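Q: Can you walk me through the pockets and the domain layout of this one?

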Amino acid sequence: MALLEGQGLSKRFGGVAALDGVNFAVEQGTIVGLIGPNGAGKTTLFNVVAGMFRPDSGRVLFRGEDVTNLPANTICRMGIARTFQVTRPFLKMTCLENVAVAMINSPRSEHGRDWRRAARTYLDYVELGHLASTEARYLNVVQKKRLEIARALATKPELVMLDEVLGGLNTQEIGRAVEFVKRLRDERKLTICWIEHVMGAIMGAAEKVIVLDQGKHLMEGPPDAVVKDQRVIQAYLGD
Ligand SMILES: Nc1ncnc2c1ncn2[C@@H]1O[C@H](COP(=O)(O)OP(=O)(O)OP(=O)(O)O)[C@@H](O)[C@H]1O
Ligand SMILES: [Mg+2]
C-alpha cells in the first residue's frame, strides 16, 4: 500500500481544469518528483492533498485512510507537511517564533519550557540557527525557502511536500540541496513529494517522477525513462 494516494482528483477554477482526473501514488520512504509546465496543476495537487482546496471529485488516501476534505490542520497533524512555492512566513515574527508556531501542529508537541531549544534544532538543521532572533521579513529568498522547510519539519511529518524550494540557488548550491533532500529521506525517514523545474535536481534524487500537463497525469516512471519520453519532451522539456 502506498503512503499517499490520489484517486481521480479533479479541481476546476472557473473555466480552468487545474486537475483533471489525476491518479498517483507515493510509496513510503521514497522521493517522488512532480514536474510539468507552468499551470500544469502541480501546486493545486499539493493544495488538495494538504486540505487547502476541496477537490470537485476524487479522493486522497493517507496510510490507506480517506483524508479528502479534512481540515488542513488535521491533515498536518496526521503527518503531511508542505512548503509554499510563494513563501509565507509571519514577517514580523523571528525565525525562531515562526518555527515555534509550526510546532503547535506537531502531534507530539514540544511546547513547554524547552520550546526555544526544540525550535532552534530545526533552524540549525536548515542552517538558519544564526538568524534565530531575526524577523522573517529580513530574510532573502533562499533563507525564506529554508525557513519553510524548518517549519514543515517542526510539525513532525511523515510525508513532506516540497514546492520549488531551489529558487535562487546556483548550480553548486543546488547540488548541496539535493543531498539535503536525500538526507531528509534517509536520516529522518521521511517520504518526499518534490515539485521542481530544475530537472537535474529531480533526476539526481527521485526514484519516480510524475508528469502533469494541463491538469492531467501525462506519464510517470523512473527519471531516466521520463526524460526520454516523447510526450514529456513535447509538453515540457523541449528539444
Ligand atoms: N486559487 C486559484 N484560483 C484560480 N485559479 C487558480 C488558483 N490556483 C491555481 N489556479 C489555476 O490552476 C492552474 C494550475 O495552477 P497551479 O498553480 O497548480 O500550476 P503549477 O503546475 O503549480 O504551475 P507553476 O509551475 O507555474 O507553479 C493554472 O491555470 C492556475 O492559474
Ligand atoms: Mg506551482
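What follows is a short exchange about domains, pockets and a helix pair.

Q: What should I know before reading the numbers?
A: This is a predicted model, so local features need pLDDT of at least 70 and side-chain atom pairs count only at pLDDT 80 or more, while totals for chains, interfaces and linings use all residues. Residues are numbered from 1 along each chain as its sequence is written, chains are lettered from A and ligands numbered from 1 in the order written, and side-chain values use heavy atoms, leaving out hydrogens and water.

Q: How is the chain divided into domains?
A: Into domain 1 (1-79 + 159-239) and domain 2 (87-156); the bounds come from an automatic or database domain assignment.

Q: How far apart are the C-alpha centres, and how many residues are in contact?
A: The centres lie 24 Å apart. In contact (heavy atoms within 4.5 Å) are 19 residues of domain 1 and 16 residues of domain 2.

Q: Which residues are closest to its centre?
A: Cys-76, Arg-82, Phe-84, Asn-105 and Thr-155, out of 18 lining residues. Two or more lining residues come from each of α2 (72-78), β6 (80-82), α3 (95-103) and α5 (141-154). Helices (H or I, at least four residues) and strands (E, at least two) are DSSP runs, numbered from the N terminus.

Q: Where does that pocket lie relative to the domains?
A: Between them, because both domain 1 and domain 2 give residues to its lining.

Q: And the second largest pocket?
A: It holds about 290 Å³. Its lining has 16 residues, and closest to the centre are Arg-146, Leu-169, Arg-176, Ala-177 and Phe-180. The largest share of the lining, 6 residues, comes from α6.

Q: Is that one between the domains or within one?
A: Both domains give residues to the lining of the second largest pocket, so it lies between them.

Q: Switching topic: at what angle do α3 and α4 pack?
A: About 105°, with axes 9 Å apart. Axes are lines fitted to C-alpha atoms, for helices over the stretch in contact, and angles run from 0 to 180 degrees between N-to-C directions. That makes α3 roughly perpendicular to α4, a label covering 65 to 115 degrees.

Notes: On a 1 Å grid over the protein atoms alone, a cavity is a set of points where a 1.4 Å probe fits but cannot get out, and a pocket is an open set with protein on both sides within 12 Å along at least five of seven lines; lining residues have an atom within 4 Å of a point. Grid points are joined across faces, edges and corners, and a volume is the space filled by probe spheres set on the points. Angles under 35 degrees count as roughly parallel, over 145 as roughly antiparallel, 65 to 115 as roughly perpendicular and the rest as oblique.
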